[in-house]
Amino acid sequence: MEYARSYLNWVVVIGGVPTMVSLSLGHLLRSEGYARPASIGMMFGGILNVIPDPILIFIFQMGVAGAAVATAFSNTMSVVFFIIQYLRLKGQASVSLNPRYFTFRYVKQIFSVGLASAFATTLGNVSNMVIVKLAAGYGDIPVAAYGVVKKIDQLPLNVSMGLCQGFMPLVGYNYASGNYKRMRKISVFSWKTAAVMSACFVACFAVFAPEILVLFIREEQTAALGAVFLRIACLAVPLTSINFLISYTLQAMGKGTQSAALTFSRQGLVNIPLLILLNQIFGLYGMIWTQLVTELIMLPISLGMYWATFRKLRSHVTAADFHRKQIG
């Protein structure tokens with residue numbers, strides 16, 4: 001509890017504002033078309049985080065608090081980097097740091113689209129809490145093994161999130177200009193790319209799971225159980241990536257309601273109840289298989305909602321063309 005409290009104070013209480021500001025400035029910069037400096041800013045914070053970690057943890061003997069301080073510091077430096085970029089791009093970007101331009105004019109549109117991401121993050125955290133709570137009933141080793149696996153499992157999902165951040169502006173631009181054919185090509189290409197990259201991660205995790213787990217934790221029983229968990233959990237990664245991308249495609253099109261409905265259905269209506277049910281029926285391993293079952297259930301629903309939305313757009317375009325011809 002003391003380790004958790006110390007980390008929470010530095011990363012969330014003290015470092016929460018720099019973290020959110022850094023993410024916001026990075027996404028805004030990317031939406032302006034400046035993908036390279038946005039990516040550099042994100043990487044700058046991550047790379048900088050690695051340098052003070054061992055210094056604060058081992059040299060200054062700060063332990064977990066040292067890792068937390070390093071994270072808060074790196075996010076703060078990332079904010080400084082983005083501010084410098086915005087000042088350098090003054091007059092070239094529509095985003096301004098000048099307080100007189102601050103307005104609540106677009107709050108409704110922002111929240112209507114951003115609500116899906118908020119749902120995804122919140123319900124994802126609730127899902128993790130449920131898993132940890134259920135796993136705790138089997139002892140400390142399953143909790144530790146799951147914690148390590150969850151960190152490893154996030155790597156391919158974070159790659160997919162990077163794809164999301166990259167293709168969302170492109171989808172938004174083409175949707176706004178009415179170029180739905182190109183928008184569809186961008187979306188499908190992103191889904192295929194995510195599936196192929198995720199499949200590569202799955203193959204890597206399946207073959208080298210024991211070796212990967214030992215890099216994170218040396219305790220033999222925990223590493224062995226974690227390797228089994230990883231081989232099961234990684235099977236869901238390609239499907240999770242595609243479901244994520246479909247949801248974010250709908251967000252980029254301004255379809256916040258549909259995107260939020262998918263997110264809520266995936267985590268709230270399917271994943272969390274399945275966790276409890278499969279734990280009751282199959283025990284510990286039932287929980288680990290839950291993510292794959294959830295993604296298999298949600299994939300046809302996600303695809304169905306996307307194609308229904310796309311067909312509706314296409315029918316509107318066809319009707320508009322017919323109307324113009326009739327007038328002509």
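The largest cavity has a volume of about 100 Å³. The structure in which it is found is a predicted model, and a search of the whole of that model finds 1 cavity of 30 Å³ or more. The lining of the largest cavity consists of 14 residues, and those closest to its centre are Asn-243, Phe-244, Ser-247, Thr-263 and Arg-266. Sorted by class, this lining comprises 6 nonpolar, 7 polar and 1 charged residues. Helices α6, α10 (237-252), α11 and α12 (284-327) each contribute at least two residues to the lining of the largest cavity. Of the contributors, α10 gives the most, with 5 residues.

Two packed helices are described by the angle between their axes and the distance between the axes. For helix α6 (residues 107-135) and helix α11 (residues 256-282), the axes come within 8 Å and cross at roughly 5 degrees. Because angles under 35 degrees count as roughly parallel, α6 is roughly parallel to α11. The residues of the contact of α6 with α11 divide into 14 nonpolar, 11 polar and no charged.

In an unreviewed entry, UniProt records "transmembrane region" for residues 6-28, 66-89, 110-135, 155-173, 194-217, 223-248, 260-282 and 288-308. Two of these spans may be examined in the model. Residues 110-135 are 100% helix and 0% strand, and the end C-alpha atoms of the span lie 37 Å apart. Residues 288-308 are likewise 100% helix and 0% strand, with 32 Å between the end C-alpha atoms.

Attention now passes from the cavity to a pocket. The second largest pocket has a volume of about 200 Å³. The residues that line the second largest pocket are Tyr-86, Leu-87, Leu-89, Lys-90, Gly-91, Ala-93, Ser-94, Val-95, Ser-96, Leu-97 and Asn-98. By class, the lining of the second largest pocket has 6 nonpolar, 4 polar and 1 charged residues.

Leu-25 is placed in helix α2 (residues 16-31). Its relative accessibility is 8%, so Leu-25 counts as buried, the limit for that class being under 20%. Leu-25 and Phe-82 are 57 residues apart along the chain, yet their C-alpha atoms are separated by 6.5 Å. Asn-75 belongs to helix α5. With a relative accessible area of 16%, Asn-75 is buried. Between Asn-75 and Arg-182 there are 107 residues of sequence separation and 36 Å in space, C-alpha to C-alpha.

Gln-61 is in the loop between α4 (52-59) and α5 (64-88). Although Gln-61 is not a glycine, it has a positive phi of about 55 degrees. Gln-61 has 65% relative accessibility and therefore counts as exposed, since that class begins over 50%. Gly-178 is in the loop between α7 (140-177) and α8 (180-216). At 37% relative accessibility, Gly-178 counts as partly exposed. Gly-178 and Ala-65 are 113 residues apart along the chain, and their C-alpha atoms are separated by 51 Å.

Notes. Residues are numbered from 1 along each chain as its sequence is written. This is a predicted model: local features need pLDDT of at least 70, side-chain atom pairs count only at pLDDT 80 or more; totals for chains, interfaces and linings use all residues. Side-chain values use heavy atoms; hydrogens and water are left out. Axes are lines fitted to C-alpha atoms, for helices over the stretch in contact, and angles run from 0 to 180 degrees between N-to-C directions. Helices (H or I, at least four residues) and strands (E, at least two) are DSSP runs, numbered from the N terminus. Angles under 35 degrees count as roughly parallel, over 145 as roughly antiparallel, 65 to 115 as roughly perpendicular and the rest as oblique. Ala, Val, Leu, Ile, Met, Phe, Trp, Tyr, Cys and Pro count as nonpolar, Asp, Glu, Lys and Arg as charged, and the others, Gly among them, as polar. On a 1 Å grid over the protein atoms alone, a cavity is a set of points where a 1.4 Å probe fits but cannot get out, and a pocket is an open set with protein on both sides within 12 Å along at least five of seven lines; lining residues have an atom within 4 Å of a point. Grid points are joined across faces, edges and corners, and a volume is the space filled by probe spheres set on the points. UniProt positions are given in the numbering used here, feature names are shortened, and annotations may be inferred rather than shown by experiment. Buried means under 20% relative accessible area, exposed over 50%, partly exposed in between (1.4 Å probe, protein chains only).
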